Amino acid sequence: AHSYTKYNNWDTIRSWIASISSSNANLISSQVIGNTYGGLPMTVLKLGKTSSANKPAIFMDCGIHAREWISPAFCQWFVKEALSTYGSDAQMTSLLNQMDVFVLPVFNIDGYDFTHKSDRMWRKTRSKNSGSSCIGTDPNRNFNAGWCTTGASSNPCSDTYCGSSPESEIEVKNVANFIRKNKSIIKAYLTIHSYSQLLLFPYSYTYKLAADHSELLKVAEGASAALRSLYGTSYTSGPGAATIYPAAGGSDDWAYDEGVKYSYTFELRDTGRYGFLLPESQIEPTCKETMLAVKYIAAYVQNNL
Ligand code: 0X9
Ligand code: ZN
């Protein structure tokens, strides 16, 4: 059965998506943006008070990397919180009245499924590579942003394989197409990973500072302070290349260069004690503190439309 404090498998998340979107018709709708390589449906949930206007929006995805299980857990938590606090929490109410939040609960469904069934430490997609018996591409090296120039591998057996071309992965193409199509309304792009407790922003494909560097840093530091206020969890903010490592082909840099100014990568708990194997007992505190950071960014975006 589905639980917000457990690591749900894909079948459980899939039924949760179906039931939550049918039981909250006034605040949520869903659309399939395409299928994965393995034929599983990539469903984007749209949270927001229904209105006739074309509302500005935030896009958030979870589960780009298969083994980062806390990430899909956060997207599920966010959807629950949005629905249950609309009407009582002033900020959530105002946010969903004025904006829509698009949530993709699991980006790399094939990989996520594989981590539950075969290899807990799998990272990549599950697509076949021609001329190699190795499987998969790193979806966060497959976006068209300095593609495969740094911090990525052209070896299909590598965990950071960039793929045969930008958007060679159907999951990446589906998300990129969705963002391109909704570019005029998408004001922020948030992508949730683990682990290391970082709040990263462009660029990662170059050490050059983004045109909006000082504003992106200011908002990241405000979000990190909000996160820390709950349990004292410490986050580091900064541009990807200098803060974690240079790595091209990431979704954050791509979205930013497409014109989505507020583009952030979260690296959730912890700093390495458990790493990807974060115990289920930490799902609730991790999600609660992360909500504060996401809501901080959302409020900033809303106030600067
Ligand atoms: O390497 C990544 O893709 C991310 N770290 S992870 O441990 N979750 O794999 C960091 C992504 C930072 N952004 C870019 N490299 N564009
Ligand atoms: Zn990741």
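Helices (H or I, at least four residues) and strands (E, at least two) are DSSP runs, numbered from the N terminus. In these terms, Ser196 has its place in the loop between β5 and β6. The model described here is predicted.

## The sheet

Eight strands form an open sheet with mixed pairing, in the order β1-β2-β4-β3-β5-β8-β6-β7. Its edge strands are β1 (28-35) and β7 (236-239), each of which pairs on one side only. On average, neighbouring strands of this sheet are turned by 20 degrees against each other, direction ignored.

Strands of a sheet pair through backbone hydrogen bonds, either parallel or antiparallel. β1 and β2 pair in the antiparallel sense over seven bridges, and Gly34 has Met42 in β2 as its bridge partner. These two strands form a hairpin with five residues between them, and Gly39 in the turn has a positive phi of about 90 degrees. β2 is in turn joined to β4 by three bridges, the two strands running antiparallel; here Leu45 stands opposite Val103 in β4. Strand β3 (residues 57-62) and strand β4 (residues 100-104) run parallel and are joined by five bridges. The bridge partner of Phe59 in β4 is Phe102.

Helix α1 (residues 10-23) lies across β1 and β2 (41-47), at about 40 degrees to β2. Helix α5 (residues 170-181) also packs on the sheet, where it touches β1, β2, β3, β4 and β5 (186-194); its direction makes about 130 degrees with that of β1. Strand β2 is mostly covered, six of its seven residues being buried.

## Aromatic contacts

A search of the whole structure finds 15 aromatic pairs. Two of them are set out below.

| Pair | Centre to centre | Angle between planes | Arrangement |
|---|---|---|---|
| Phe114 and Trp122 | 5.5 Å | 75 degrees | edge-to-face |
| Phe201 and Tyr264 | 6.1 Å | 80 degrees | edge-to-face |

Phe201 lies in strand β6 (residues 198-201) and Tyr264 in strand β8 (residues 262-268), so this pair ties together parts that are 63 residues apart in sequence. Phe201 is buried, with a relative accessible area of 0%, and Tyr264 is likewise buried at 0%. Trp122 counts as buried because its relative accessibility is 14%, and buried means under 20%.

Arg126 lies over the face of Phe114, at 3.5 Å from the ring centre. The charged end of Lys80 sits over the ring of Tyr4, 5.5 Å from its centre.

## Backbone details in the loops

Most residues other than glycine have a negative phi, and most peptide bonds are trans. Several residues depart from these patterns. Ser196, although not a glycine, has a positive phi of about 145 degrees; this residue is partly exposed, with a relative accessible area of 27%. Gln197 is in the loop between β5 and β6 and has a positive phi near 60 degrees. At 11% relative accessibility, Gln197 counts as buried.

The peptide bond from Pro202 to Tyr203 is cis, with omega near 5 degrees, and Tyr203 is found in the loop between β6 and α6 (213-231). A cis peptide bond also leads from Arg269 to Asp270, with omega near -5 degrees. Asp270 has its place in the loop between β8 and α9 (283-303).

Key: Residues numbered from 1 in each chain as written. Chains lettered and ligands numbered in written order. Predicted model: local features only at pLDDT ≥ 70, side-chain atom pairs only at ≥ 80, totals over all residues. Heavy atoms only, no water. Pairing = 2+ DSSP bridges. Axes fitted to C-alpha atoms, helices over the stretch in contact; angles between N-to-C directions. Contact = heavy atoms within 4.5 Å. Phe/Tyr/Trp six-rings, centres within 6.5 Å; stacked < 30°, edge-to-face > 60°. Buried < 20%, exposed > 50% of the residue type's maximum accessible area, 1.4 Å probe, protein only. Lys NZ or Arg CZ within 6 Å of the ring centre and 35° of its normal.
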